[in-house]
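Let's look at a protein model together and talk about charged pairs and surface patches. Have the sequence and the 3D view ready.

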Amino acid sequence: DVDGPSVAWIRHNNIFAVTASRVNTSPSMQVEMLRRCIEVFESYFDHVTEESVRDNFVIIYELLDEMIDFGFPQYTEGKILKEYVTQQGFKLASVASSSLAGLRSLATGESAQEQMAVKALPQAVTGVNGACGWRQPGIKHRKNEVFLDVIETVNLLVGADGETLQSDISGCLKMKVQLSGMPEVHLGLNDRVLFNNQAAARGAVAAAAGGRGKAVDLEDLKFHQCVRLNRFESDRTITFIPPDGSFELMTYRLNQKVRPLIQVEVSTQRHGSSRVEMLVKARSTFKKSSTANAVEICVPVPCDADTPQAKANFGQVKYQPEREQISWSMRQFPGQREFMCKCAYTLPSVRASDPTALSRKPVSVKFEVPYFTVSGFQVRYLKVTEKSGYETYPWVRYVTQSGEYQVRTT
């Protein structure tokens with residue numbers, strides 16, 4: 001704004017978070033800072049609403065005072081902030097009376113001057129950590145382990161003929177780190193850009209010998225602040241000093257055509273004037289060695305359907321009138337298998353002759369396939385280096401789950 005400060009804002013629940021700047025500041029940085037503030041507030045009080053802001057305004061002021069210094073963002077990690085910003089805040093260890101001070105000095109051996117002194121602030125406050133504001137030095141674990149979960153969410157729209165109309169994959173890498181000291185982690189992926197760079201550097205013959213694995217085109221990459229972006233832009237390797245505990249390392253998206261992992265066919269047949277029968281077939285297309293867990297197929301029915309009945313040769317079937325659907329659930333769905341479910345219901349005589357009486361809503365499918373990625377995404381290596389040279393146990397797990405997964409019936 002020429003005449004005044006520029007304003008950026010985000011909306012969260014029933015509140016607006018706003019930043020104002022009198023200089024030429026990146027709007028994306030302002031929005032990201034607001035998002036980080038909301039995440040930190042949620043780590044202190046679960047839900048950020050108008051009422052919770054009123055109840056916790058003192059701790060919010062303390063957090064903002066540490067997160068932003070003279071208008072510049074500082075520490076934005078809730079785990080680090082919790083080490084020195086508590087619900088009560090930092091206060092002087094004062095005594096109520098001289099007699100109480102005498103009793104305490106006898107018990108602890110401290111003098112009155114030591115009791116009145118301000119306690120030493122953690123290193124995160126004094127800035128001893130330098131640029132690594134998300135990890136405190138001196139962390140120790142009895143067993144050094146790294147857990148990496150690759151979670152891919154499949155969003156799919158399938159036509160009535162079984163062809164894929166829309167599809168995309170959104171993935172994220174979540175880590176749980178239990179490492180001592182200040183370790184450095186190196187993560188390698190089967191990124192197509194990395195393979196192309198290696199091919200240009202080594203030549204076509206060497207690339208043909210070393211790049212036989214499947215590569216994926218990662219788009220819309222978003223990293224945790226611990227990742228060294230300049231290193232990734234130069235040689236496409238992910239190196240970072242991880243925070244302690246659980247965090248989300250990166251997210252990505254892939255625009256590629258995905259065939260349905262679970263194909264659903266619904267055939268409807270009318271008997272007489274009001275009776276309707278449906279036959280639902282579900283077939284898994286992934287390999288036999290994989291198994292889908294927590295599978296739920298939701299078949300919509302008209303809101304005025306009378307006494308729907310359903311029976312399946314595998315799993316459990318339940319009518320849910322509040323959702324106007326029949327839920328077919330299976331704890332496990334093996335690969336390359338097919339199961340069927342028969343449903344029947346009657347329509348009121350008033351709507352029996354109405355051709356639009358049958359539900360036109362798509363069938364929704366929910367599932368989770370462990371140890372499987374639909375895009376072919378792979379972690380090539382996960383290395384941990386630390387100056388003490390301790391032994392590390394890395395663990396990698398792959399999971400594919402359904403997002404907006406719908407199958408049209410007409």
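The questions and answers below go through salt bridges and then a nonpolar patch.

This is a predicted model, in which local features need pLDDT of at least 70 and side-chain atom pairs count only at pLDDT 80 or more, while totals for chains, interfaces and linings use all residues. Residues are numbered from 1 along each chain as its sequence is written, and side-chain values use heavy atoms, with hydrogens and water left out.

Q: How many salt bridges does the structure hold?
A: Side chains of opposite charge can pair when their charged atoms come close. Here, a salt bridge means a side-chain nitrogen of Lys or Arg within 4 Å of a carboxyl oxygen of Asp or Glu. Counted this way, the number of salt bridges in the structure is 12.

Q: Which helix holds both Arg35 and Glu32, and how many residues apart are they?
A: Helices are DSSP runs (H or I, at least four residues), as are strands (E, at least two), and they are numbered from the N terminus. Arg35 and Glu32 form a salt bridge, with their closest N and O atoms 2.4 Å apart. They sit about one turn of the helix from each other, in helix H1 (residues 27-44), 3 residues apart.

Q: What separates Glu50 and Arg54 along helix H2?
A: The side chains of Glu50 and Arg54 meet in a salt bridge of 2.5 Å, N to O. Glu50 is partly exposed at 36%, whereas Arg54 is exposed at 54%. Both lie in helix H2 (residues 50-55), and because they are 4 residues apart, what separates them is about one helical turn.

Q: Which strand holds Ile68?
A: Phe57, Val58, Tyr61, Leu64 and Ile68 form a nonpolar patch on the surface, with about 450 Å² of accessible area together. The largest share of this patch, 4 residues, comes from helix H3 (residues 57-67). Patch residues have over 30% relative accessible area and no salt bridge, with like charges joined within 9 Å and nonpolar side chains (Val, Leu, Ile, Met, Phe, Trp, Tyr) within 5 Å; areas come from the Shrake-Rupley method with a 1.4 Å probe, and for residues only the protein chains shown count as cover. Ile68 is partly exposed at 31% and is found in strand E3 (residues 68-69).

Key
Buried < 20%, exposed > 50% of the residue type's maximum accessible area, 1.4 Å probe, protein only.
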